[in-house]
Amino acid sequence: MSPIIEIKNITKEFKVLNRREGLKGSLKDLFSRDYKTVRAVDNISMSIEQGEIVGYLGPNGAGKSTTIKMMTGVLEPTSGEILVSGCVPYQNRTKNAQEIGVVFGQRSQLWWSLPLIESFRILKDIYQIPDADYDSILTLYKSLVDIEPLLHKPVRQMSLGQRTLSDILAAFLHNPKIVFLDEPTIGLDVSMKSKIRTLIQALNREKHTTVILTTHDMGDVDALCERIVIIDKGRMLYDNDIEHLKRFFGSYRTLRLRIGGDLKAHAASLQTALPECTVSADEEWISVLIDESKANVPDVLAQIQAAHTIRDLQLQEIATEDVIRKIYEEGVQ
Amino acid sequence: MQKKGFRFYLRIYFKILAQDIKSKMSYRADFIISTIGMICTNIAGFISFWILFRNFPSVNGWGYYEMLFLYGFSLVSLTPVQCLFDNNWSLRMNVFSGDFIKYCFRPINIFFYYQSEVFDIKGLGQLAFGIGTLIYAWVKLGLVFTPLMLLKMIVFLITASLIMISLQNAAAATCFWIQNSFYILDLVCRFRDYAKYPITIFSPFFRFLFTFVMPIAFIAYYPSLVILRPDEVPVLSWISPVIGCIFFFASYKFWMHGATKYSGTGS
Amino acid sequence: MKLKKYLTLTRAGIIESLQYRLSTFVMVIGNLLYLIVVYFLWRAIYNSADSDVVNGMTFYDTLIYLVLATALYGFMEIYAVWEMGRAIQSGKIVLDLLKPMEYRSHLFWSYSGTFIVNFIATFLPTFLVVAIVTHGTIHFGLNLLFFVISVVFAVSINYSIDFLVGTICLYTESIWGINIMKQMVVLLLSGATIPLAFFPDTLRTVVSYLPFQSIYNAPLTLLLNGTPDPQEVLRTIGTQIIWCIVMMLLSKGFWKVSLRQITVNGG
C-alpha cells in the first residue's frame, strides 16, 4: 500500500519585514523598507502510512504549523513535493479538504452561538455525508463519550475542554482519512486531557484514521504516538519510533521536593547519598533528576524520606524543549 | 462524492445563513439597537438631502424628484452588499487574528463560505426606505409604469448592486496584502455616498475615473438614465449589465487570489 | 514628570500609526480625491442656483467649510467607541482599568499620537490646498488663532461624546449600532455634512442648544469670518468652554456610575 502522506524535500520561505526601532526608525520605514527571507521549513521529507498516529514535535516557531498548512493545502511549498492521499493539496484544496479534518486547540471552527448538533448538521451538508454514515458515526460518538449533554449546548457556553472535545468530534465527522490536531490538550486539566487522549485513540482504532498531532505535552506523545517526528528551526531532527526516543526523555524524570533547613547543604549531602542522580537546589525546591534506567523513583524517594521530612513534592516529565536540547547535545542515531 | 453544483451551494447557503440569523436573534438588544441605528442613518441621510434641496432647487439640470429617484435607486442597489456581503467588513480582523484559516479547511469555495456566514437583516430596512423613495419619486415624476419598465428597473438594480459588491470585495481583499486596510474600505464607502449624484457634474477626467476605474457612476447614474432620460441613454448604460458581471468576476478573482496567498499569522 | 508619562503614550501612538505605510498614503490620496468630488458637486450646485450667495455663503465659503469639516472629521474621528466597545466585549477593559492611569485619560493619550499623525497627514495638506484653490478666501489673521483655540475645545467635546457613547457599550454590547447612531447624529447636527446656515430656522434653533454644533460649526465659522467681532468670538468660544466642561463632567460621571454598577454586578 502506498503511504497516505508523502513529503519529499519540501522547503517554505517567507519574506519578512525588518522593522527599525524607535520614532526615527518608523519614519525611515515609511519610505524605505528592508526585507529578509526566512526559511520556515527546510528540506523536510517523510512518509506516513494510513492509520498511524504521528507526534509532530518542536519548539515554538520550529515550522510545525507551516508544514501542516502545506499538508492541508493552505500554503504552497517554495520547493519540493507533497502528496496527500494521492493528490497535491494546494492544487486541489477542496478535494483535499474532503479527506482531512483539522483541529486547532485554541480556535474553534464550530458555529459559536449554535448548539453542537446544529453545527454537525451544517457539516453534514458541507461534506455531503450520507444519512447512514452520519447516523453510524453519531452512534459511535455516543458509545465513546457522554455526548448527549453537549449536543444541545451552544458552543459559546461550553468549557474549553468541552469545546475541544466537540471540535475533535466535528473533525472526525465526515470520516476523513487524516486528522490534524494542533495542541489539542493545551490549557486543559488532567482529567480532561486523559479523556481527550482516550477519545483520539479510540477514533483512530475504530476508523483507522491517520492522526498528525502537534503538541508540547510529552504526556500526549506518551499516551498516543507510536512514531515521533521532531523539527527545529525548520529542519528535521528526528523521525523514528517512540521507544528509540525514550532513551532521551522517557527514562528521565525530575523529582522536586520541599524540605526545611539549608537547601544547599541538603542538596550536597543528597548528591553524595544518590550518586546515580543529579541533585540541585534553588530558593524553594530541591530537584533530583532521576535516570530511571539506573534508579527508580520510589527507591529514591524512600531514601530521601529516611533523612528528611518532605513537606511537598512534585514529579515532572521532561519537556519537549529538554528533549530537543538533549538530542542536540547527544545525537540520536 | 457528488458534484458540487448550484443546488448544493444554494442549499448550503441557506443552511449557513439560517444559523447566522438564529445567532443574531440570540443577541436581541444588539439587533434592536443596530436596526434603530440603521434607520437613523437613513433618516439622517434623507434630512441632509432635503436640507440641500431646500436651498438649491436643482443640480446641473436635475430636479428635486429626479435627484430623489437617484437617491432611492442608490439605496436599493446598496441593499445586497449590505445584507449579503457584510462579512467583508470583518475580513481584516479575521485575517489579522489568524481566524481566517478556518475557512480554508472546508471542501467548499472559500469566498462563498466566508460571505455566506453573515446575513445583515438591518439592510432590509434600507431596502424598504429605498423602495419607498423610488416609488414616491416615480409617482411625482409622472413616469408611466409598464412591465417593460419594471424589468428594466430590476435588471439595472442588479447591475448596480454587482458593481457595488465588486468595489467592496476588492477593497476588503486588500487586507490580504496590507495591514490596517480599514481605510481603503472606509474610503470606498465614503465614495459610494456620492454615487447618487449625476456624473455630468464632474470634469471629463473624473468622469472617466468614476466610470472605468472606480465605477461608482454605474451605481445609480448610468442605470437611472434608462428610466429618467430615455432619449439620451449612452451606450454605457446598455452595456452596464455586462460591465457589472465583469467587475464582479474580477473582484471575486482578486479576493480569491488574496485568500490563497494568505498563510495565517504566527504559530 | 507627569506630562512625560502622557507624552510616552503619544510617541507610541505616532510610531504605531506610521507602521501602516500604505494606509497613511491611502489616507492622504483618498482625502484629496474626496475633496475633488466635493468641489465638483458644490460647484455644480452653485452653478444651478439663482445667485452667487446662498444663506450668506458663497461657493468658496461652502467649499472651505465642507472640506475642512471633512478634514477635521478625519483627524478627530479616532474610533474610540469601537475601541471601548471591543475592549469591553473581549474583557480587555479589566487590564486597562488596572493601569496606573485613569481609563479616560489613558485612552485619550494613547490616541493623541494618531491625532498628530492625522493632523499632519490629512488636515494640514487639505488646509493648504483649499487655501490655494479658493484664492485667498481664507483670511490669514487673528481668525486662525481663534480657529485653533476652538479646535482644541472641539476635540475635547468630541472625545467626551465618544467616551459617553462608548460607556453605553458596558450595558448593551452593541458596538456597531451605537457607533453608527452616534456618527450620524454628530455629523448631521454638528453641521459637518451641511453647513448649519442652510438649515431651516426651527431646526437651526434646536441645534444651537445642543453640544454638537460646537464641534464643527463653531471652529469653521470662526475661521471663515475674516473680520471677527470680539463679542461674537467670545460668545462662540464661551459656549464651547461651557459644553466642554459639561460634557467632560457628564462623561466622567456616567463612566464612574456605570463602572460601579458593573463591578457590583460582577459583569
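**Close-up views of a predicted model**

**View 1. Strand pairing between S1 and S2 of chain A.** In this predicted model, strand S1 (residues 5-17) of chain A is joined to S2(A) by ten bridges, and the two strands run antiparallel. Within S2(A), A:Ile44 is the residue that stands opposite A:Ile10.

**View 2. The open sheet of chain A.** Three strands form an open sheet in the order S2-S1-S4 (chain A), and their pairing is antiparallel. Strand S2 (35-48) and strand S4 (79-84) of chain A are the edge strands, each pairing on one side only. On average, neighbouring strands of this sheet are turned by 30° against each other, direction ignored.

**View 3. Packing of H2(B) against H8(C).** Helix H2 (residues 28-55) of chain B packs with helix H8 (residues 175-189) of chain C at an angle of about 20°, and their axes are 7 Å apart. Angles under 35 degrees count as roughly parallel, and H2(B) and H8(C) are therefore roughly parallel to each other. The crossing of H2(B) past H8(C) is left-handed. Residues making the contact include B:Ile33, B:Gly37, B:Cys40 and B:Ala44 of H2(B), together with C:Gly177, C:Ile180, C:Met181 and C:Met184 of H8(C). By class, the residues of this contact of H2(B) with H8(C) comprise eleven nonpolar, five polar and one charged.

**View 4. The contact between chains B and C.** Chain B and chain C contribute 32 residues each to the contact. On the side of chain B that touches chain C, H2, strand S1 (58-59) and helix H8 (182-192) of chain B each supply at least two residues. H2(B) provides the largest share of that side, 15 residues. The side of chain B that touches chain C consists of 19 nonpolar, ten polar and three charged residues.

Methods:
Residues are numbered from 1 along each chain as its sequence is written. Chains are lettered from A and ligands numbered from 1 in the order in which they are written. This is a predicted model: local features need pLDDT of at least 70, side-chain atom pairs count only at pLDDT 80 or more; totals for chains, interfaces and linings use all residues. Axes are lines fitted to C-alpha atoms, for helices over the stretch in contact, and angles run from 0 to 180 degrees between N-to-C directions. Helices (H or I, at least four residues) and strands (E, at least two) are DSSP runs, numbered from the N terminus. Angles under 35 degrees count as roughly parallel, over 145 as roughly antiparallel, 65 to 115 as roughly perpendicular and the rest as oblique. A crossing is left-handed if the near helix is turned anticlockwise from the far one by less than a right angle, and right-handed if clockwise. Two residues are in contact if their C-beta atoms, placed from the backbone, lie within 7 Å. Ala, Val, Leu, Ile, Met, Phe, Trp, Tyr, Cys and Pro count as nonpolar, Asp, Glu, Lys and Arg as charged, and the others, Gly among them, as polar. Two strands pair if DSSP finds at least two bridges between them.
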